[in-house]
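Here are my notes for your reading. Please keep the model open beside them and check each point as you go.

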Amino acid sequence: MARGPKKHLKRLAAPKHWMVDKLSGVYAPKCRAGAHKERESIPLLLVLRNRMKYALTRTEATMITKQRLVTVDSRARLDPKYPVGFMDCVSLPKTGENLRVLYDIKGRFTLKKISDEEAQTKLCKVMKVYTASNGVPCLSTHDGRTIRFADPLIKSSDTVIINLENGKILDFVKFKAGVSVMVTAGANAGRVGEIIDVEYHPGSFDICHVKDENNNTFATRKQNVFIIGRSSTEVKVSLPKSEGVRVNLTQDREMRIAQVARQKAGKSKHH
């Protein structure tokens, strides 16, 4: 019998949102155990090779990481299988690029270019608030951080803004109606909106009702929402291109048809 956790991952079993094609090999890189859950993260190798196209092969990606050329949240990460998750900031100091890992409106990982200033900070969702030994108040965040002696007003489900250089909390946003959130799981993953109201169901899942910029409302579980700002006008992170607003299928189809028509028109001009 094999002992311990599996070290391999078949390509077909890889999460859909990694967007690895199924025909170019049998296996996919499997994330190391780390700050994010396996299905909610993407290996650094895939970020460098499949997304940013800095490497053609796994060997090249490994060479890049082993030279300490890639930092995640301001720390050089040498392991090509390091799990990069939601809100992480991947930086390449040599090229001056900073990228934030977010979800697009279809719930897939997308890399959003950000400024050097924004790359200094990060939003973290508070998962648990507890008292450690010797009565030290602690909180743990969605990316595996433990912060001691935090502000006593911070509770579970709130978001803290962290300075990545020293790991200190700069600010926090309380979980309540009216705040701006991004959905991180479920059928609505990647959508951004404002919490209208929260239904509490003791013993079951609490439900959040969210309204987006187009006034479309949808419901999701409370654990699936991640606060990104105090209101829709004060969002603390730059969002991917569609700003987290999902268009309905008919609109999407019309937009695609128009795009194809524009491309055809452009080609006929060149001829």
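1. Start with the ring rule. Rings of Phe, Tyr and Trp (its six-membered ring) pair if their centres lie within 6.5 Å. Planes under 30 degrees apart count as stacked, over 60 as edge-to-face and the rest as tilted. By this rule there are three aromatic pairs.

2. Know what you are looking at. This is a predicted model, where local features need pLDDT of at least 70 and side-chain atom pairs count only at pLDDT 80 or more, while totals for chains, interfaces and linings use all residues. Residues are numbered from 1 along each chain as its sequence is written, and side-chain values use heavy atoms, with hydrogens and water left out.

3. Take F86 and F226. Their rings are edge-to-face, 4.9 Å centre to centre with 85° between the planes. F86 lies in the loop between β4 (83–85) and β5, and F226 in strand β17, so the pair ties together parts that are 140 residues apart in sequence. Strands (E, at least two residues) and helices (H or I, at least four) are DSSP runs, numbered from the N terminus. F86 is buried, at 4% relative accessible area. F226 is buried too, at 3%. Buried means under 20% relative accessible area (1.4 Å probe, protein chains only).

4. Now Y103 and F109. This pair is stacked: 4.9 Å centre to centre, 15° between the planes. Both Y103 and F109 are buried. Ring pairs link F86, Y103, F109 and F226 into a cluster.

5. How do β6 and β7 run? Strand β6 (residues 97–103) and strand β7 (residues 109–113) are antiparallel, joined by five bridges. Two strands pair if DSSP finds at least two bridges between them. R100 has K112 in β7 as its bridge partner. The two strands form a hairpin with five residues between them, and G107 in the turn has a positive phi of about 80°.

6. Which residues touch the most other members of the largest nonpolar core? They are V84, M87 and I228, in a core of 38 residues. Such a core is a set of buried Ala, Val, Leu, Ile, Met, Phe, Trp, Tyr and Cys residues joined through side-chain atoms within 4.5 Å. Helix α1 (44–51) is among the elements that give two or more residues. With five, α1 gives the most.

7. Finally, the charges over rings. R221 lies over the face of F205, 3.5 Å from the ring centre. The charged end of K128 sits over the ring of Y130, 5.0 Å from its centre. The rule asks for NZ of Lys or CZ of Arg within 6 Å of the ring centre and within 35 degrees of the ring normal.

Notes: Buried < 20%, exposed > 50% of the residue type's maximum accessible area, 1.4 Å probe, protein only.
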